[in-house]
Amino acid sequence: FFFQAEDGIRDKLVTGVQTCALPICRFGIEVSAEQIAQRFSDAYRLHGRKSYADWGLAEGVRGVDYESIEVRRWRAIVGAVFPESSSVEQLFSELWDYYADPQHWCVFDDVERTWAALRARGIAIVIASNFDQRLVQIQQHCRVLSTCDRLFISSQVGFVKPQLGFYRAISDELRLPPDHMLMVGDDWENDYLAPRRAGWQAVPLRRRDATINPPGIRALDALL
């Protein structure tokens with residue numbers, strides 16, 4: 001089973017939009033939560049799925065510093081979300097550090113019991129995410145997430161979801177055929193359409209609305 005990291009964890013104020021208010025309030029930025037949400041959606045659509053090739057790097061090559069691209073990616077997103085800020089670099093630095101701190105994240109209630117049940121059946125649990133190197137520290141300091149069998153992040157794999165290279169590299173690393181993989185996530189392209197194109201099985205996670213076509217599950221324990 002493969003899980004997208006953000007489907008298992010959430011920041012302690014539930015959404016990144018709400019949490020952003022904590023670091024930005026000191027910068028005198030007056031913008032509503034709705035504006036932040038819309039700007040973030042637009043900025044992530046523009047920058048979030050850019051491949052490493054789009055940033056000028058060869059893909060899937062060991063030793064290449066893909067993590068530096070993730071820093072550039074998120075700096076660009078922060079700049080697009082808060083164009084009125086005169087201190088974007090400082091704001092970005094504070095937001096980056098804020099979301100790197102494991103204490104600002106918690107685990108959804110269904111994760112631990114679902115993982116325990118799957119593990120009891122002999123099923124391996126893997127996190128596959130477009131999150132950056134910060135996820136390593138978050139995962140290591142989270143009692144539940146630290147029990148996963150493997151962690152794959154795009155800056156280590158050398159490909160970004162939804163590129164097929166991301167899923168194929170993981171299949172090759174685990175030496176398992178694609179149809180032995182099941183991806184569970186809430187991003188329609190990254191966690192459902194793309195893995196299916198790579199030959200994986202996939203189940204959409206709809207924590208807010210499971211009735212969207214095709215329907216998905218509202219909680220992880222629906223997998224049991």
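What volume does the second largest cavity have? The answer is about 40 Å³, and the tour comes back to that cavity at its last stop. The model is predicted, with local features requiring pLDDT of at least 70, side-chain atom pairs counted only at pLDDT 80 or more, and totals for chains, interfaces and linings taken over all residues. Residues are numbered from 1 along each chain as its sequence is written, and side-chain values use heavy atoms, with hydrogens and water left out.

**Helix 5**

Now show the side chains of Leu 91, Phe 92, Leu 95, Trp 96, Tyr 98, Tyr 99 and Ala 100, the buried residues of helix 5; buried stands for under 20% relative accessible area, exposed for over 50%, and partly exposed for what lies in between, with a 1.4 Å probe and protein chains only.

Within that selection, keep Phe 92 and Trp 96, which form a tilted aromatic pair, 5.7 Å centre to centre with 50 degrees between the planes. Rings of Phe, Tyr and Trp (its six-membered ring) pair if their centres lie within 6.5 Å, and planes under 30 degrees apart count as stacked, over 60 as edge-to-face and the rest as tilted. Because Phe 92 and Trp 96 are four residues apart in helix 5, about one helical turn separates them. Phe 92 counts as buried at 6% relative accessibility, and Trp 96 counts as buried at 16%.

**Other aromatic rings**

A search of the whole structure finds eleven aromatic pairs. Another of them joins Tyr 52 and Tyr 66, whose ring centres are 4.5 Å apart and whose planes meet at 35 degrees, so this pair is tilted. Both residues lie in the loop between helix 3 (33-48) and helix 4 (67-81), 14 residues apart, and both Tyr 52 and Tyr 66 are buried. Next select Tyr 98, Tyr 99, Trp 105 and Phe 131, which form one aromatic cluster.

Two rings carry a charge above them, in the sense that NZ of Lys or CZ of Arg is within 6 Å of the ring centre and within 35 degrees of the ring normal. Display Lys 50 with Trp 55, where the charged end of Lys 50 sits over the ring at 4.9 Å from its centre, and then Arg 207 with Phe 108, where the corresponding distance is 3.9 Å.

**Loop residues**

Arg 49 is found in the loop between helix 3 and helix 4 and counts as partly exposed, at 32% relative accessibility.

Move to the loop between helix 8 and helix 9, where Pro 162 has its place; a cis peptide bond joins Lys 161 and Pro 162, with omega about 15 degrees. Arg 175, in the loop between helix 9 and strand 6 (182-185), has phi near 55 degrees, a positive value in a residue other than glycine, and at 77% relative accessibility Arg 175 counts as exposed.

**Pocket and cavity**

On a 1 Å grid over the protein atoms alone, a cavity is a set of points where a 1.4 Å probe fits but cannot get out, while a pocket is an open set with protein on both sides within 12 Å along at least five of seven lines, and lining residues have an atom within 4 Å of a point. Grid points are joined across faces, edges and corners, and a volume is the space filled by probe spheres set on the points.

The second largest pocket has a volume of about 300 Å³ and is lined by 17 residues, of which Arg 62, Gln 156, Val 157, Ala 169 and Glu 173 lie nearest its centre. Helix 9 gives the most to this lining, with four residues.

For the last stop, select Tyr 44, Gly 48, Glu 70, Arg 73, Trp 74, Asn 130, Ser 154 and Val 160, which line the second largest cavity. Helix 4 provides the largest share of that lining, three residues.

Definitions and conventions
Helix = DSSP H or I, 4+ residues; strand = E, 2+ residues; numbered from the N terminus.
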